[in-house]
Amino acid sequence: MEIDDPRPVAEPLGRLSAAVGTPPTPQLRLRESPLAITDAAVLGAPPVLEVRNLDLWYGPQQALFGIDLDVRRNSVLALIGPSGCGKSTLLRCLNRMNDLIDGVRIRGQVLLGGEDLYDPAVDVISLRKRMGMVFQKSNPFPKTIYENVAYGLRIQGERDRRVLDEAVERSLQGAGLWEEVRDRLDQSALGLSGGQQQRLCIARALAVRPEVILMDEPCSALDPIATGRIEELIFELKKEFTIVIVTHNMQQAARVSDFTAFFWLGKLVETDVTERMFTNPRQRITEDYITGRFG
Amino acid sequence: MSTGLRDWMRRGNGLVWLSAGVLAFAVLMIGGLVGLIAARGLGFFWPAPLVLFETPAGPVLGEVADREPARGGEPGRIQLRVGNRDLFGQDFRWYPESELRNPTLPEDALMVERSEYGVFLGRVKELRKDGLTVSTGPAALDEALERLPGARKAQAGIRAVEKGEVGRLNTALEAIRLERKALERRPDPARQPQLDAREAELRSRYADLEGRLDHLRAEAKRLTVLLEAWDGQVKEMPLPQVVRLVPSNRLGLPGKLKVYASRLWEFVSDDPRESNTEGGIFPAIFGTVMMVLLMSALGVPLGVLAALYLREYARDGWLVRAIRVAVNNLAGVPSIVFGVFGLGFFVYTLGGSLDRLFFPERLPTPTFGTGGILWASLTLALLTVPVVIVATEEALAAVPRFQREASMALGATKWQTLWNIVLPGAMPGILTGLILAMARGAGEVAPLMLTGVVKLAPSMPLDGTFPFLHLDRKFMHLGFHIYDVGFQSPNSEAAKPMVFMTTLLLLAVVVALNLAAIRIRRRLRARLGGSTF
Ligand SMILES: Nc1ncnc2c1ncn2[C@@H]1O[C@H](COP(=O)(O)OP(=O)(O)OP(=O)(O)O)[C@@H](O)[C@H]1O
Ligand SMILES: [Mg+2]
């Protein structure tokens with residue numbers, strides 16, 4: 001199990017959260033902590049995604065057991081848990097990427113705006129457009145920066161150069177990359193640094209204007225500075241999008257998320273508002289995991 | 001075992017040495033083969049000294065071509081290239097070494113390359129115009145050398161008219177003949193007189209042209225050289241029939257280099273002469289390149305599409321595995337079998353049907369119902385498709401899974417992902433397949449012999465007459481040329497260097513095509529993986 005050394009919250013984040021958040025609601029502050037404070041507005045927001053009693057098998061082997069989980073609008077949900085506990089699997093259920101794997105069997109429901117994703121009538125392609133995904137390893141296409149961001153629109157048949165230009169600029173700005181790459185849009189994306197590539201992948205996901213952004217350990221291959229930038233970005237993005245993020249980094253989960261869900265051996269052990277989870281977990285095993293006394 | 005040796009083994013040094021040795025051996029063999037071919041071929045164009053020997057039967061002038069040392073009771077022998085086939089009956093002759101005495105290098109000895117009967121060895125006796133002597137002896141040689149370029153140019157002009165204007169008129173007349181034949185079945189009274197008028201006009205132009213050509217030909221024949229062999233026989237011939245005058249013995253290094261360059265250029269740029277044993281092989285180079293390009297254009301899409309389905313869409317099961325095995329084994333089927341298939345299916349079945357459907361007025365003369373460059377290329381495309389399929393499958397499998405997932409996660413369909421991400425990513429691998437296919441296809445001869453190659457093609461598959469690309473035409477090919485010149489030639493001794501040269505050129509063509517593909521591949525690779533972290 002890998003848990004990073006504790007490190008101070010990146011400086012800009014404090015300013016940001018102060019700028020973004022409404023004043024913290026006192027009754028939520030169970031204990032004094034340096035953690036980000038969940039917006040009261042988010043707590044009452046309607047759920048965008050509802051996972052209902054979800055089971056999943058890879059062939060004969062069951063990987064998820066009866067998961068029940070809500071993701072509220074404009075919130076950040078962190079999925080944590082030891083390696084192999086099914087975080088990625090659950091994340092990939094949310095945009096049906098598991099369909100691409102042979103032998104996967106799923107039972108239960110995932111509701112997006114009240115509509116079951118696994119209903120046979122659902123068009124997977126248009127569903128995936130509503131769910132942006134950012135992968136653990138940055139995976140830009142071997143194309144130019146511009147073409148990477150424009151890809152999602154191009155495959156939807158968008159040809160109008162003005163629309164594409166506008167979307168590329170908006171998305172790169174949204175991903176905080178615009179200033180760095182505005183002069184080299186026609187250069188290969190593979191020439192960017194690792195952190196820039198990851199933000200490019202975020203921009204690429206933003207370009208198709210998804211409702212939910214799924215991130216699978218987006219910072220695990222990045223250095224602390226690049227990680228800090230992505231975390232800032234997540235803070236900005238949640239104003240517009242709903243975010244589900246898998247992370248192994250407890251500090252990161254504490255810093256960026258409003259809600260946290262802890263998984264163990266394919267089961268959802270507990271889920272709660274992040275502060276409560278980190279300060280006062282209900283289950284013993286959660287506390288062990290969070291404090292690093294696990295195993 | 002000493003610790004030193006054990007340590008040496010443990011590091012795998014033995015294996016390193018073994019592999020290096022095997023590689024060196026392979027390089028040596030290939031280098032030796034290419035070197036031999038190059039030496040035997042390229043040396044042929046160098047002007048060799050013309051040696052005069054005394055023999056019991058009189059003086060003999062020739063190039064020393066070969067030498068056999070004395071062995072056992074047999075005395076040593078020397079082979080001379082004596083030329084003058086029209087006078088002596090054969091170009092090459094063996095002499096016992098003891099019979100050749102007093103070698104000298106006469107200054108006025110001359111090799112005359114002619115457009116007929118091979119070379120003439122001897123000297124210039126006179127230069128004549130309209131049968132009257134202009135100059136004699138060495139002065140005649142100098143004047144002949146001076147006038148030769150002009151005479152050659154005039155001759156080339158005649159050839160151009162014969163091939164160009166006469167050819168065009170013939171094509172037009174043939175078109176009228178075909179239309180008349182078509183009219184017999186669907187009579188059209190209005191068209192008939194138009195055709196008559198057009199034909200009359202063409203025929204009168206034809207007659208004009210004939211007149212002009214006759215005049216030019218007569219003009220060209222006025223200047224003649226009187227040549228004398230060393231045994232005293234003489235031969236008079238029009239100057240334009242001389243291709244090159246090479247007074248080897250009095251040429252310095254620059255002069256020899258000039259002759260060498262001119263011969264080499266003739267070889268790669270000119271048409272063959274004398275049943276392919278002389279002149280150039282340009283049509284064969286052209287035919288080879290065009291056939292390979294056509295084959296690639298037909299075979300690569302076929303292979304790529306097949307591999308795409310096999311790798312990306314077909315559900316992995318016993319059927320797919322069986323097909324894969326079959327494809328791999330297809331690469332081991334003897335090429336002549338493909339040739340037979342090409343003849344039976346493409347030429348007779350497909351070509352025959354095309355003729356009945358689209359060219360009925362030309363029957364019984366077949367258009368597509370006989371061998372041609374299209375059928376040959378298709379046959380070779382089939383032959384090389386397994387290579388492309390295997391290479392493409394590997395390349396598709398090597399495209400990283402995370403790139404596909406990124407595309408799918410953005411809402412791309414499988415087909416869009418394949419087209420936009422996977423295929424471009426697999427392109428370098430596909431090009432590797434193309435390179436292997438070209439190398440294999442360019443060297444194949446057997447299937448071509450059944451599907452459209454000829455020893456001498458009257459016209460090329462790409463030329464200036466409409467519709468410019470003639471896929472139905474037969475063509476010449478370097479590989480077949482090697483076989484034809486080397487083993488079917490009436491004058492095999494003279495053809496030997498041609499075989500080496502042609503082989504060298506075939507290698508050069510294959511290498512050039514491959515280098516082009518490798519360049520493209522390198523550029524693609526750079527674009528796909530210029531990762532800088
Ligand atoms: N394609 C697959 N085929 C079969 N089993 C799989 C597949 N992917 C994952 N699994 C199994 O499902 C379980 C959950 O895997 P998952 O990748 O979701 O874990 P994770 O929580 O994301 O782990 P990590 O933190 O290491 O990324 C594991 O036991 C894994 O072995
Ligand atoms: Mg994972």
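How many bridges join strand 3 (residues 77–81) of chain B to strand 4 of chain B? The structure examined here is a predicted model, in which local features need pLDDT of at least 70 and side-chain atom pairs count only at pLDDT 80 or more, while totals for chains, interfaces and linings use all residues. Residues are numbered from 1 along each chain as its sequence is written, and chains are lettered from A and ligands numbered from 1 in the order in which they are written.

Strand 3 and strand 4 of chain B run antiparallel and are joined by five bridges, where helices (H or I, at least four residues) and strands (E, at least two) are DSSP runs numbered from the N terminus, and two strands pair if DSSP finds at least two bridges between them. Within this pairing, R77(B) has P96(B) of strand 4 as its bridge partner. Both strands belong to an open sheet of five strands in chain B, with antiparallel pairing and the order 4-3-2-1-5. Because strand 4 (92–96) and strand 5 (101–104) of chain B stand at the edges, each with a single partner strand, one side of each is left without a neighbour in the sheet. Neighbouring strands of this sheet are turned against each other by 45 degrees on average, direction ignored, with axes taken as lines fitted to C-alpha atoms, for helices over the stretch in contact, and angles running from 0 to 180 degrees between N-to-C directions.

Elsewhere in chain B, strand 9 (residues 223–228) and strand 10 (residues 234–238) pair in the antiparallel sense over five bridges, and L227(B) has K235(B) of strand 10 as its bridge partner. The hairpin of these two strands has five residues between the strands, and G232(B) takes a positive phi near 100 degrees there.

Chain A comes to twelve helices and ten strands. Of its 295 residues, 45% are buried, a residue being buried if 20 or more other C-beta atoms, placed from the backbone, lie within 10 Å of its own, exposed if 12 or fewer do, and partly exposed in between. In the largest nonpolar core, which holds 150 residues, L79(A) and V244(A) touch the most other members; such a core is a set of buried Ala, Val, Leu, Ile, Met, Phe, Trp, Tyr and Cys residues joined through C-beta atoms within 7 Å. Helix 10 (residues 373–398) of chain B gives the most to this core, with 16 residues. Another core, of 29 residues, lies apart from it and includes V51(B), V119(B), A229(B) and W230(B).

The contact between the chains takes 23 residues from chain A and 21 residues from chain B, two residues being in contact if their C-beta atoms, placed from the backbone, lie within 7 Å. On the side of chain A that touches chain B, helix 4 (124–130), helix 5 (145–155) and helix 8 (194–207) of chain A each supply at least two residues, and helix 4 of chain A gives the most, with four residues.

The residues around ligand 1 include Y58(A), G84(A), K87(A) and I101(A), their C-beta atoms, placed from the backbone, lying within 6 Å of the ligand. Helix 3 (residues 87–94) of chain A gives the most to this shell, with three residues.

Finally, S492(B) is found in helix 15 (residues 492–528) of chain B and is partly exposed, with 14 other C-beta atoms within 10 Å.
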